[in-house]
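Please open the model in your viewer and keep the selection panel at hand. The stops below say what to select next and what is there.

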Amino acid sequence: MDGLSGEIWQSVALTVELASATTVILLIIGTPLAWWLARSKAIWTEAVATIVALPLVLPPTVLGFYLLVLLGPNGPGGWIASLWGGRTLAFTFEGLIVGSVLYSMPFVVQPIRNAFVAMGERPLEVAATLRASPARAFWTVAVPLARPGFLTAGVLGFAHTIGEFGLVLMIGGNIPGRTRVLSIAIFDYVEEARWREASWLAGSMVIFAFAVILTVALIDKRNARARA
Amino acid sequence: MRTAKPGRIEIAFNGTLGTFSLDAQFSVPAKGVTAVFGPSGCGKTTVARCIAGLKRLAGGLCAVDGEIWQDDTTFRPPHLRPIGYVFQEASLFPHLSVKRNLLFGAPKRDTVPIGFDEVVELLGIAHLLTRAPAHLSGGERQRVAIGRALLSQPKLLVMDEPLAALDRSAKGEILPFLERLHEKLALPMLYISHDMAEIERFADHLVLMERGTVAAAGPLATLQSNPALPLAASRDSAVSCEAVVSGYDGRYGLLALRLKGARLLVPASPLAPGVRQRLRIAASDVSLALEAPYASSILNVFPARIRSHAPLGHGEVTVVLALGTGGSGTQILARITRRSWDALGFRDGLDVFAQVKGVSLVAASDRPLEAPSEASPSPERDAGQVSAAA
């Protein structure tokens, strides 16, 4: 049992590491993207928004398939990697991060975009008439006003990364300590008929999911009250 | 590149926005309060937004006191224009306290023309500094918004219908503060409004807008008494003028006021001699006589000359009068029936007697002016006032 729990904890640690890295990367690249989507009046804005939203609808295996083609040894990713003798991202932790970032992007970009849209133009106009440069207006007005959107984005991005399975299986495989995250571990335990471990993990995931959704709901509720 | 005249605000914007076409052009002194008046939807707010650079109309001109903010080759973005802008809704930053809202646009210098303590005192917001905007009343919020705009040390303060979103009592609460701003700060202001009653209280100049164009621009009293313009032709036409307190009759509770070409007695609370006082004389409160009335209850009867007249509807006439013997003083309006006009043989250029039944005192300043650049009523300041121009 001790050995087994070590195995479980390895999966937990790997999963948290993956979700944290993905969330941080998504907040960094998702914020400017959400800002642009919220304010651009170009006709192709919605086309970009749709591309970002695709993972909401596509089966994760489809995304995983294309990533594998792109990043695998025979794809463009593999070709680039071979130029400097590096290895491809397929079946690595870094590959998992790339996949997770794409897969969880809509969950991060949309709440931030909605928050930027909801505040409207006025606070930024006020800031401009008070001598604030666009950069200062962004950091001191837009970002603080969009704080609930950032919170929701962070929580959803993190939680959604933890819950992915199909994409991980396609691109990461099942390498203990490298790509074997929680959802894969549960799958393995069930395959091996180790119901005890499987149910322990599955139950924890249910509690985690409950906590996440409750947190997001409470953020939204507090936010609605602050606006009233 | 065009050269901008110092001491003037020069505006020219034309263009089409959707189905609305704007062709607004005017030049007013960069001094005192210039009101932009017109019905809703006539383009006032668009002009204000263009001046602030929040809206960009190609080919526009905007120059303030010798500085070009926009012309054919220049467009300064809003944050590089020394402007203070008060929106119709206070639009305070909800995540900042009142104090941090006030200081948001304040330069990080020690010596500024408009000081923090001065603004807080002027607007009566000292007790609100630590509060969150969500816990302020509508009138308090708008006062903080005005203070925030002032503390950014603007060279022009634009107020876009700052009272329109407020209820009656909040309006009454803010108007005295606006009058005090006018008295105490040398800052030129553009005051956008569709309410003539607000404008009559403290504007010096007026820009009259109609359907996207400027119908007239000039000193307030001149436009008010121009029979060719809709102001004089309206049923509640009136003229605003500046008077100086010359004495007080305590026995009868009458304030004596000196006006160019006349001396008025008005029942009012005492004010110190020399204090400037704005008056509003409604056309409906002024009647005319060919001879000085021998025995009348009306105290204020002055010689005056008929300058011009215009029919008002079918039965009445609006008459423009210049007070004083020979008609050298302030111009006011009188409204009489067309029957009296004909029966008494009135005509332009005739010397008559004006009987003023009612005068309202609008803005009283009971303290000497403190702002550095306008220390006290001076001849130089008088020149910018409506009484001198009328």
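Is B:Arg211 buried, exposed or partly exposed? B:Arg211 is partly exposed, because 14 other C-beta atoms lie within 10 Å (20 or more such neighbours make a residue buried, 12 or fewer make it exposed, and partly exposed is in between, with C-beta atoms placed from the backbone). The residue sits in the loop between strand E9 (205–210) and strand E10 (213–219) of chain B, and its phi is near 45 degrees, a positive value in a residue other than glycine. Helices (H or I, at least four residues) and strands (E, at least two) are DSSP runs, numbered from the N terminus.

This is a predicted model, in which local features need pLDDT of at least 70 and side-chain atom pairs count only at pLDDT 80 or more, while totals for chains, interfaces and linings use all residues. Residues are numbered from 1 along each chain as its sequence is written, and chains are lettered from A and ligands numbered from 1 in the order in which they are written.

Next, select B:Ser91, in the loop between strand E6 (83–86) and helix H2 (98–103) of chain B. B:Ser91 also has a positive phi, of about 50 degrees, although it is not a glycine; with 22 C-beta neighbours inside 10 Å, however, B:Ser91 counts as buried. Most residues other than glycine have a negative phi.

Move on to helix H3 of chain B, residues 116–123, where B:Val119, B:Val120, B:Leu122 and B:Leu123 are the buried residues. Viewed down the helix axis, the buried residues of H3(B) fall within an arc of 165 degrees, so they line one face (the arc is that of the directions from the axis to the C-beta atoms). They pack against helix H4 (138–151) and helix H5 (168–184) of chain B, whereas the face turned away from the buried side carries the exposed residues B:Asp117 and B:Glu121. Just after H3(B), B:Gly124 takes a positive phi of about 60 degrees.

Now select B:Ile11 and display its contacts (C-beta atoms, placed from the backbone, within 7 Å). Leaving aside neighbours within four places in sequence, B:Ile11 is in contact with several residues, among them B:Phe26, B:Val47 and B:Leu61.

Finally, colour the model by pLDDT, the predictor's confidence in each residue, from 0 to 100. Chain B averages 86, and 92% of its residues score at least 70, but pLDDT stays under 50 over residues 364–390 of chain B. For the complex, the predictor gives an ipTM of 0.81 and a pTM of 0.82.

Methods: Two residues are in contact if their C-beta atoms, placed from the backbone, lie within 7 Å.
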